[in-house]
Every structure is written in structure tokens, then in C-alpha cells.
Amino acid sequence: MFSERDMSVCPSLIAVSLPNKQSWAFEEISDTVFEKDSHASIVPSKYKGVYLIYLEQGLIDDVVKNFSLYSHAFISRVIPVKECGNDLDLVVRKSLLSLPKGFIKLIVHLREPLKGKVSEEDISNIVISQGYKLTKKSNYALVLENIEEYYISASGIIRKCGPSCITIYQI
């Protein structure tokens, strides 16, 4: 188990519950994560239904694959953190490096205090300036969220982890 001082704002994964399903989602998240990492920590963030997951080094891929093995009914998304920082441009550009040029899907979920300060159009402009085209139909995705004033991104291939659940396989 991680001590509080070992946990940074930048977790290994972020998991988000479906609306009003936080306690059930926490159970699903716990079962899936602890099966692969018995030393993990799952911390509810200050945002309703958003959980920060801290894993032992090198276990992110195993845990993400484990989410795809089961059908999660109460989770909306599980995001493996690829980049984390307070410079939007840098976080987006670094995340795009692993995606092939072409069409990608952009998924943005911003919360306070950044909601309203940064628009999806601002993020789209950065993505387009890097030579990508945006579409809603690509299996390749860039996901951008925030915790406090930190941008957190994931990029890779979208996979289902339940009826309403997606996760991102890093490539």
C-alpha cells in the first residue's frame, strides 16, 4: 500500500464511474485492480466518481488488460496516464507521439478549475497543428482530463471494458 506522501497528483490510472454509481464502481475498480496489484491504492478524488489509482511500477498494462477481461457495469472509463503536467501544449504533444499520423478521436473531460479556462477547441487546435485530423470514428484516441490544475492524458487504441466503459491500450 502506498503512503500518502508517496502519492502525487499524477496517478497511474484514472477511473470514472457512471453517474450516481460511485460505490458500485469503486467495488468493480477494486476487484479488477487488486487482482493484478495487491499493493495498489485507489483514492477517491475531490471530484464525484473520479478515482486515482496508484500502481506498482510496470503493472499499468496488466491492470488495463484486466479491465478489458471483465464487463464493468458501473464504470464509464479507465484512463492509463501517459502524460501529466500543467503545460497543456506539452502534455498534448507528448501524448500524440505514440499515435500514427492520420485520423484520431479526441475525448476531453475537463473539471474545475480548468473547465471554462481551456476549451475543447484550444485542444483541437494543438492536435491539428501536429498533423492529425479529428474524427469520431477512429479507434485511435487522445484522451485529456484534469485533476486540479494538472492535465492528464492517455493515447492509444480504444477498447471496451463494459456496456458503457472504455479504456485505452497504450501503443
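Modeller: Buried means under 20% relative accessible area, exposed means over 50%, and partly exposed lies in between (1.4 Å probe, protein chains only). This is a predicted model, in which local features need pLDDT of at least 70 and side-chain atom pairs count only at pLDDT 80 or more, while totals for chains, interfaces and linings use all residues. Residues are numbered from 1 along each chain as its sequence is written, and side-chain values use heavy atoms, with hydrogens and water left out.

Biologist: How many salt bridges does the count come to?

Modeller: Side chains of opposite charge can pair when their charged atoms come close. A salt bridge is a side-chain nitrogen of Lys or Arg within 4 Å of a carboxyl oxygen of Asp or Glu. By this rule there are four salt bridges. One of them joins the side chains of Arg111 and Glu145 (2.4 Å, N to O). Another joins those of Arg77 and Glu145 (2.5 Å, N to O). Arg77 lies in strand β4 and Glu145 in strand β8, 68 residues apart.

Biologist: Which residue meets Glu148 in a salt bridge?

Modeller: The partner of Glu148 is Lys46 (3.6 Å, N to O). This pair links distant parts of the chain, 102 residues apart. Glu148 counts as partly exposed because its relative accessibility is 32%; Lys46 counts as exposed because its value is 60%.

Biologist: Which residue of β10 is the bridge partner of Arg77?

Modeller: The partner of Arg77 in β10 is Ile166. Helices (H or I, at least four residues) and strands (E, at least two) are DSSP runs, numbered from the N terminus, and two strands pair if DSSP finds at least two bridges between them. Strands β4 (residues 75–80) and β10 (residues 166–169) run parallel and are joined by two bridges. Strand β9 (residues 150–160) runs antiparallel to β10, with four bridges.

Biologist: How many residues has the largest nonpolar core?

Modeller: In soluble globular proteins, nonpolar side chains tend to be buried together. A nonpolar core is a set of buried Ala, Val, Leu, Ile, Met, Phe, Trp, Tyr and Cys residues joined through side-chain atoms within 4.5 Å. The largest here has 18 residues, and Leu88 and Tyr151 are among those with the most contacts inside it. The largest share of this core, four residues, comes from α3.
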